[in-house]
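User: Please take a close look at a single part of this model, the interface between the two chains. I would like one connected account of what forms the interface and how the two copies are related.

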Number of protein chains: 2
Amino acid sequence: MSDDTLERYRQSIDNIDAALVFMLAERFKITQAVGRYKAERALPPADPAREDRQIARLRQLASDARLDPDFTEKFLRFIINEVIRHHQTLQPTMTG
Amino acid sequence: MSDDTLERYRQSIDNIDAALVFMLAERFKITQAVGRYKAERALPPADPAREDRQIARLRQLASDARLDPDFTEKFLRFIINEVIRHHQTLQPTMTG
């Protein structure tokens, strides 16, 4: 790649992607702790009201940042589906 | 919610989710700039070798952070699919 402008863009994308991966790793550490905590206490695994609040909040943040709110909601559901998959070996919890 | 421990976990999840949304907003700003840049110069929109390098790098970063590499690859493809959708009004570019 000899195009300096494109290479600079790509370095920024790569930096952001690394940050996203490390943030996601931290998020899953927390949701796994939530899963264990709920399982130990026999708390209900899913909390649809919590999930609705998360989605509404992230849609607003997305608007503020000029990110598509529909995409952001899809993104959160993508993450939550992975949380559910993780928790299938514990007592399942939907949203952390 | 009267459970302080659960509430603290949730505040951390909410903080991380806000960071993810703002990072994603910035990433899409860059990929949109890449799309415009490539379209102006009639550069090829897709670069499969670049995409392969991105995936290999993120899988390694995920392993380092104890995040599932398969999930991380799915995550990157989820983002790239959105980039493609954005660029369907320009000349499409796969990976930025």
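Analyst: Contact here means heavy atoms within 4.5 Å. By that criterion, the interface takes 51 residues from chain A and 51 residues from chain B. The model is predicted: local features need pLDDT of at least 70 and side-chain atom pairs count only at pLDDT 80 or more, whereas totals for chains, interfaces and linings use all residues. Residues are numbered from 1 along each chain as its sequence is written, chains are lettered from A and ligands numbered from 1 in the order in which they are written, and side-chain values use heavy atoms, with hydrogens and water left out.

The size of an interface is often expressed as the accessible area lost when the parts come together. Buried area is the accessible area (1.4 Å probe) that two parts lose on being put together, summed over both. Between chain A and chain B it is about 4800 Å², and carbon and sulfur atoms give 74% of this.

A salt bridge is a side-chain nitrogen of Lys or Arg within 4 Å of a carboxyl oxygen of Asp or Glu. The structure holds 24 salt bridges over all chains. One salt bridge joins the side chains of A:E82 and B:K74, at 3.9 Å from N to O. Because A:E82 lies in helix α3 of chain A and B:K74 in helix α3 (residues 69-87) of chain B, this pair joins two chains. Across the interface of chain A and chain B, 10 salt bridges are found.

The elements that give two or more residues to the side of chain A that touches chain B are α1 (4-41), α2 (48-64) and α3 (69-87) of chain A; helices (H or I, at least four residues) and strands (E, at least two) are DSSP runs, numbered from the N terminus. The largest share of that side, 26 residues, comes from α1(A). By class, the side of chain A that touches chain B has 29 nonpolar, seven polar and 15 charged residues; Ala, Val, Leu, Ile, Met, Phe, Trp, Tyr, Cys and Pro count as nonpolar, Asp, Glu, Lys and Arg as charged, and the others, Gly among them, as polar.

As for α1(A) itself, its 38 residues should span 56 Å at 1.5 Å a residue, and its end C-alpha atoms are 56 Å apart, which agrees; the expected span is 1.5 Å times one less than the number of residues. Just after α1(A), A:A42 takes a positive phi of about 55°.

Copies are superposed by least squares on the C-alpha atoms of residues with pLDDT of at least 70 in both. Chain A can be laid on chain B with an RMSD of 0.0 Å by a turn of 180° and a shift of 0.0 Å along the axis. The two copies are thus related as by a two-fold rotation axis. The same surface serves both copies, since 100% of the contact residues of chain A recur in chain B.
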